[in-house]
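Please find below a colleague's note, written for a reader who is new to this structure.

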Amino acid sequence: MQIAAAGLTAYVRDIFSRAGCSEAEAERIGRYLVAANLTGHDSHGVIRVPRYVSWLKEGEVEADRTPEVVTDGPAFALVDAHYGFGQTAGPFATELGIRKARENGVAIVALRHAGHLGRIGEWAEQAAAAGLVSVHFVNVAGSLLVAPFGSVDRRFSTAPFAAGFPVAGAEPVILDFATSAVAEGKVLVASQGGKALPDGVLIEPDGRLSADPATLYGPLDGPERDNLKGAGAIRAFGEHKGSGLALLCELLAGALTGSGTAGPGARRFCNGMLSLYMTPEAFGSEDAMVRETRAYLDFFKGARPVPGGEVLLPGEPERRTRAQRLAEGVPLPDPVWETLLAAGRPFGLDGEAYRG
């Protein structure tokens, strides 16, 4: 089915408003989750609503927590989200980094103990819209999902990485990916009737490669999914290269920030993020950078495509998908829509009324 973004955003907003979040926070949750769907990152979109509601009910994430600047320097800040929603902590930390970088040329912001931050490319886009280059390393404490290269045992979270590079007079370059072969949310989407997984992105305890979500979740009975019930793991992308980058994400975003790594032992679920923000003018002539950037991107785009292919800059697929889904609606598999309807019912909401 296709659902208009405005109606879907309003429905998610109303769920979290009635679940105990302020109107402002509920609006942010709805806006950022639907924004992920609009870019084609359905794994980080409204499919997360039932989990968010469950986490809120269980106290795993807390409503309306004000992020605290624990350490504040001219070009550095350590922010503790106190397990509040990532849709509140993420924009707060990013805006802080933008402000400090504008004042000092560069800035580092360490964010710890944040609820699920959603699509990390969102924060790179926010910085790029302000004219800043940014780099973001992220980990997930309490989320063992990914096997390192050469192993079948879970040792990493999906450990996302993102970066943004503004381009004067044009759209920015936005790179955003999980260091796992697929994000856990994509396994969730596939398990609920969405896009099937590529071959070999999961691994069984005996080393067999798999594309069956049951490898991660166990038997797919009913709508609920629990990755603790699966015996297998997600693989790191790019063999040893992705595995090494995932390790750095755990160390930089988890150990260095004080947010905590994926393991060992029981950990409270949260995101850590270490972000670097840079103003182009701090590195010399802005005009020279603009000329070099434009010349190189033209050179890059001028590469001959393979038959039937196209050379795309990071961020182009998301912008195309956003334009299409804004015009046509957000596609949701029936099982996903059913879980959203179920999430609204305890709060007296009929999701069908938001479809227009």
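1. A nonpolar core, as the term is used here, is a set of buried Ala, Val, Leu, Ile, Met, Phe, Trp, Tyr and Cys residues joined through side-chain atoms within 4.5 Å; buried means under 20% relative accessible area, exposed means over 50%, and partly exposed lies in between, with a 1.4 Å probe and protein chains only. The model is predicted, and local features need pLDDT of at least 70, side-chain atom pairs count only at pLDDT 80 or more, and totals for chains, interfaces and linings use all residues. Residues are numbered from 1 along each chain as its sequence is written, and side-chain values use heavy atoms, with hydrogens and water left out.

2. The largest nonpolar core holds 54 residues, and the members that touch the most others are L8, F16, V46, V49 and L332. The element that gives the most to this core is helix 1 (residues 5-19), with six residues; helices (H or I, at least four residues) and strands (E, at least two) are DSSP runs, numbered from the N terminus. As a general background, nonpolar side chains in soluble globular proteins tend to be buried together.

3. Helix 1 deserves a paragraph of its own. Its 15 residues reach 21 Å from the first C-alpha to the last, close to the 21 Å expected at 1.5 Å a residue, where the expected span is 1.5 Å times one less than the number of residues. Among its buried residues are L8, Y11, V12, I15 and F16, and also D14 and S17. The buried residues of helix 1 pack against strand 1 (2-3), helix 2 (23-38), helix 3 (49-58), helix 10 (316-328), strand 13 (330-331) and helix 11 (334-344), contact being heavy atoms within 4.5 Å. For F16, leaving aside neighbours within four places in sequence, the contacts are C21, A26, I29, V49, Y52, V53 and F85. Just after helix 1, G20 takes a positive phi of about 125 degrees.

4. Which residues form a nonpolar patch on the surface? They are L247, L248 and L251, with about 260 Å² of accessible area together. Such patches are made of residues with over 30% relative accessible area and no salt bridge, with like charges joined within 9 Å and nonpolar side chains (Val, Leu, Ile, Met, Phe, Trp, Tyr) within 5 Å; accessible areas come from the Shrake-Rupley method with a 1.4 Å probe, and for residues only the protein chains shown count as cover. L251 is found in helix 8 (residues 240-256) and is partly exposed, at a relative accessible area of 43%.

5. Some backbone details are worth checking by eye. Most residues other than glycine have a negative phi, and most peptide bonds are trans. H82, however, has a positive phi near 55 degrees; H82 is placed in the loop between strand 3 (76-80) and helix 4 (86-104) and is partly exposed at 23% relative accessibility. A159 also has a positive phi, near 40 degrees, but A159 is buried at 0% relative accessibility. The peptide bond that joins G263 and P264 is cis, with omega of about 5 degrees, and P264 lies in the loop between helix 8 and strand 12 (270-278).

6. How many salt bridges are there? With a salt bridge taken as a side-chain nitrogen of Lys or Arg within 4 Å of a carboxyl oxygen of Asp or Glu, the count comes to 18. D42 and R325 meet in one of 2.7 Å, N to O, and this pair links D42, in the loop between helix 2 and helix 3, with R325 in helix 10, 283 residues apart. E184 and R51 meet in another, of 2.8 Å, N to O; E184 lies in helix 6 (residues 184-191) and R51 in helix 3, so the pair ties together parts that are 133 residues apart in sequence. Both E184 and R51 are buried.

7. The contacts of R225, not counting residues up to four places away in sequence, are R51, L188, S191, Q192, Y217 and L220, and the C-alpha atoms of R225 and R51 are separated by 9.6 Å although the two residues are 174 apart along the chain. R225 is buried, with a relative accessible area of 15%.
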